[in-house]
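Trainee: I would like to learn how to read a few features of a structure. Please take me through them in turn.

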Amino acid sequence: VDFDISITLIANTLYKLLVKEIKGFQRAKPKRIFRNFIECPATVEVNDSSVFVKFANKSYNPILMDWVSKRQDLLVPWMGNRKLQFKF
């Protein structure tokens, strides 16, 4: 039971950090955040220098696109500093 509660609290905190800068979602419940941002289909391709994430069509993509546009040079340090790129 303690492990389950700990993981739930960690997930809740991570959801809140995710939507901290997304207008209109700061007070959203974790279930809504998961449905709108986490549970969306995407294809991930990894090559020698980049990680490409291609999102499927979804009604909240404009919000994700705005969030991504503010973070142009994202590197993934645990994957050899590959550049993270998004496609919508």
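**Salt bridges and buried residues**

Mentor: The structure holds two salt bridges, a salt bridge being a side-chain nitrogen of Lys or Arg within 4 Å of a carboxyl oxygen of Asp or Glu. This is a predicted model, where local features need pLDDT of at least 70, side-chain atom pairs count only at pLDDT 80 or more, and totals for chains, interfaces and linings use all residues. Residues are numbered from 1 along each chain as its sequence is written, and side-chain values use heavy atoms, with hydrogens and water left out.

Trainee: Which residue forms a salt bridge with lysine 70?

Mentor: Side chains of opposite charge can pair when their charged atoms come close. Here the partner of lysine 70 is aspartate 66, with the closest N and O atoms 3.7 Å apart. Lysine 83 and aspartate 73 form a salt bridge at 3.8 Å, N to O. Lysine 83 belongs to strand β4 (residues 82-87) and aspartate 73 to the loop between α3 and β3 (74-76), so this pair ties together parts 10 residues apart in sequence. Helices (H or I, at least four residues) and strands (E, at least two) are DSSP runs, numbered from the N terminus.

Trainee: Which residues of helix α2 are buried?

Mentor: An α-helix has 3.6 residues a turn, so residues three or four places apart point the same way. In α2 (residues 30-38), the buried residues are Ile33, Asn36 and Phe37; buried means under 20% relative accessible area, exposed over 50%, partly exposed in between (1.4 Å probe, protein chains only). They lie on the same side of α2 because their arc around the axis is only 80 degrees, taken from the directions from the helix axis to the C-beta atoms.
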